[in-house]
Amino acid sequence: MKPILSNFISAKIEPFVSENDEKSAAFVPSRKFHRKTEISDISVNGLDVYIQNQHILKNINLQIPDKQITCIIGPSGCGKSTLLKTFNRLLDTNEGVKITGQVLVDGEDIYSRHSDLTHIRRKMGLLSQRPCPLPMSIYENIAYGCRIHGIRNKKKLNAIVEYYLKAAGLWEEVKDRLHTPAVRMSIGQQQRLCLARGLAVEPQFILADEATSALDPISSKTIEELFVKLKEEYAIVLVTHTLRQALRIADYVIFMYMGEIIEAGPAQQVFKNPQQELTQKYLSGAFS
Amino acid sequence: MTEKYIASTSKWRIFKDRTAGGIMFSLTLLSIVLVILIGLGLYLKSIPILEEKSLWELLATGRWKPLKGEFGFLPFIMGTLWVTVIAILWTLPVSLLTAIFLTENAKSYVKKFVYPALDILAGLPSVVYGVWGMLVIVPFISDKLAPHFVEYSTGYTTLAGGIVLGIMILPLLISLFVEIFSSVPKELREASLSLGATQWQTTKRVVLRRTAPGILAAVILSISRALGETIAVLMVCGNIAKIPDSLFDGCYPLPALLANNYGEMLSLPLYESALMLAALILFVVVFLFNIISRIILYRIEKTFQ
C-alpha cells in the first residue's frame, strides 16, 4: 500500500520511537474501514429544511462531485451553512429543526431512522468558521478522534499524529511543543490543526464552513493551498462568501439565493457563462 | 445670554454627574466596610477568650463545659465538617448529572419545568427544609435505615443533617453548573461531534474537561454556603456536643451552637467571647473559601479568553 497523501508530504515519515522496532514503521492510512465505493458521493434529493417554522432551504437537489472542490456561494443568510450542516447531521442537534427529503451519502440515506450518526459524522471532516481547538494539547487534539474510535496503541497514535500534522503542513512548526495547549497556537495554526484533527479520523469529505474568513491573508492562502492538494483524495465542500476565493479554487460551483439553488455547474461554466440572471447579477457585484 | 445659560446648565450637569458618581462609590464602599467591620467586631469580642487560652487548645480539644470554663471547639468543628462533607458527597454527582442533562440533552419544554422548580427549591426558607427533614428524613433514618447499621438511633443524626443540607445546596449547585456548562461554546461541542464522538464522549472528554476548574470553584462556593446554613441543620442534627462516631450519631455544627446559645447564660465568664470566637472561625473559613473560588474563576477567565 502506498501512503495516500504521500504525493504532497515531502518529508519521508520516520519511525517515531526506535528504528529497530518494526511495528512503529510509517503510518499508512487505511480508508477501507468505511469506504464502500471507490467514489465518494453526496446526492441530495428534494431537501427541505424548516427552522422554527421558517422555510430555510427550499427543495434542494444537488450532487457533490468527488475529488473536486465544490464551492457554495451566495449572499449571507441564503442558507449555505445550513445546507453544509445537513450533510453531517449537525443541524438537527439544534431544536426546532424539521428536515424532509433525502441526503444520500454513498447511497445511504443519512436521515433514515437506522443511520449511525457517529459513522456519518466521521465520514465528514468539518472545518468551522473559527478554529475551535479542543481544550487539550496539540497532540491530544489529533489523537482525540482516533481514541474515540478505539485506537489505543501509543505508537500508532504517535504515527497518526505526525502523519496528519505533516498533511496539514504543521509538523515542522509544532513538533517541539506537541504537548502544549493547542489554544496557544496562532489562529492560522489552530485552523490547520483543526483540519489535521478532522483528517485523522479518515473522512471522505471535507466540509468547510467559511473556513478562512477568520484568518489573516497568509493563513487563508495556506489553507487554500492545502485544499487544492487534498482534493486529490477527498471531496471538498467549501462554503464561502468571498467570490474571489471561489474563483481561485473552485472546480464546481453552487450558487444559492434565499434558500434555493439558483445555479450549479462546473466553475468555468458558472463563472464565465452564467445561465441565470440572478447569478449574473451576483457575480457582477450587484448584490452580495 | 445664551452662552451664559449654557455655561450654567453645564456646570449643574457636571455637578450632578460628580455627585451621582460619588454617592454610588461610597455605597459600594459600604459593603466592603461592612465585611471589615464584622470581621473586626468578631475579633475584638473574642479577644478575652484568646487571652485566656491558646488557640490550639480551643480548636483541638473536645470538652465543652461552659459552666466549668472549658471551651473545646473540636466537636463543633467536626460536626460542621461531617455534615458538609456528607452534603457535598451526595449532591455533587446528582447536581453534575442533572446539569449535564439540562444543558446537553434536555428539550426546551423540559427546561421550562425544571428551572422554575429549581428556583422554588432555592427560594424556600430554610425553616421549611428543617421541618420537612424532621417529618420525613428523621423518622426514615430512625425507623428504616438505622436499624440495619446500629442498635438505636433517634434519627436526629449527622446523616439527617447532611441530607437536609444537601437538598438546600442542590439548587445552587445545579444552577452554577448549568451556567458553567452553558459557557462552553457550541462550536467546541460541534467539533467533537463532527469527529464522530457520541454525545456522552463529548460531554465527558470535552465539556467536563474544559469546565473542570469551574466545577471546582462552584463546589467550593457551595461549601462555603453550606458551612453557614443554620436553622435547617440545627433542627435535624441532634445538637450533641460530641464528636460523632458514626453517621447515626448526633452532631452539633458551629452555626447551630451560635443560634442555640447566644443570648442565654451570657453572664458566664468567657461564654460570650467563646461564641464570638465560633462566629469568627466561621467567618474566616467562609471568607477563605470564597477567595479561593474567586481566584480559581479568575484564572479560568484568564486562560480561556
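Tutor: The contact between the chains takes 23 residues from chain A and 17 residues from chain B. The model is a predicted one. On the side of chain A that touches chain B, the elements giving two or more residues are helix H2 (117–123), strand E6 (124–127), helix H3 (138–148) and helix H6 (187–199) of chain A. H2(A) gives the most to that side, with four residues. Sorted by class, the side of chain A that touches chain B has ten nonpolar, eight polar and five charged residues.

A:Ser115 has its place in the loop between strand E5 (108–109) and H2 of chain A. Leaving out residues up to four places away in sequence, A:Ser115 touches A:Glu108, A:Asp109, A:Ile110 and A:Ile120. A:Ser115 counts as partly exposed because 14 other C-beta atoms lie within 10 Å, a number between the limits of 12 or fewer for exposed and 20 or more for buried. From A:Ser115 to A:Gln129, 14 residues along the chain, the C-alpha atoms are separated by 27 Å.

As for chain A as a whole, it has ten helices and ten strands. Of its 288 residues, 42% are buried. Among contacts in chain A between residues at least 6 apart in sequence, 69% join residues at least 24 apart.

Two loops of chain A call for a note on the backbone. Most residues other than glycine have a negative phi. A:Asn53, not a glycine, has a positive phi of about 65°. A:Asn53 lies in the loop between strand E1 (42–51) and strand E2 (54–64) of chain A, and is exposed, with 7 other C-beta atoms within 10 Å. A:Lys67 is not a glycine either, and has a positive phi of about 55°. A:Lys67 is found in the loop between E2 and strand E3 (69–73) of chain A; with 14 other C-beta atoms within 10 Å, A:Lys67 is partly exposed.

Now to chain B and its helices. Helix H5 (residues 126–145) of chain B spans only 24 Å between its end C-alpha atoms, whereas a straight helix of 20 residues would span 28 Å. H5(B) has a kink of about 40°, centred on B:Gly133. B:Gly133 is also among the buried residues of H5(B), together with B:Tyr129, B:Gly130, B:Ile137, B:Val138 and B:Ile141. Helix H6 (158–182) and helix H9 (231–236) of chain B are included in what covers these buried residues.

H6(B) also packs against other helices. Two packed helices are described by the angle between their axes and the distance between the axes. For H6(B) and helix H8 (residues 199–228) of chain B, the axes come within 9 Å and cross at roughly 150°, and the crossing is right-handed. Residues of H6(B) in this contact include B:Leu165, B:Ile169 and B:Phe177, and those of H8(B) include B:Val207, B:Gly214 and B:Arg225. By class, the contact has 13 nonpolar, three polar and one charged residues.

Helix H3 (residues 74–105) of chain B packs with H6(B) at an angle of about 35°, their axes being 6 Å apart. This crossing of H3(B) and H6(B) is right-handed. The residues of the contact are 19 nonpolar, nine polar and no charged.

Technical notes: Residues are numbered from 1 along each chain as its sequence is written. Chains are lettered from A and ligands numbered from 1 in the order in which they are written. This is a predicted model: local features need pLDDT of at least 70, side-chain atom pairs count only at pLDDT 80 or more; totals for chains, interfaces and linings use all residues. The expected span of a helix is 1.5 Å times one less than its number of residues. The bend at a residue is the angle between axes fitted to the seven residues ending there and the seven starting there. Two residues are in contact if their C-beta atoms, placed from the backbone, lie within 7 Å. Ala, Val, Leu, Ile, Met, Phe, Trp, Tyr, Cys and Pro count as nonpolar, Asp, Glu, Lys and Arg as charged, and the others, Gly among them, as polar. Axes are lines fitted to C-alpha atoms, for helices over the stretch in contact, and angles run from 0 to 180 degrees between N-to-C directions. A crossing is left-handed if the near helix is turned anticlockwise from the far one by less than a right angle, and right-handed if clockwise.
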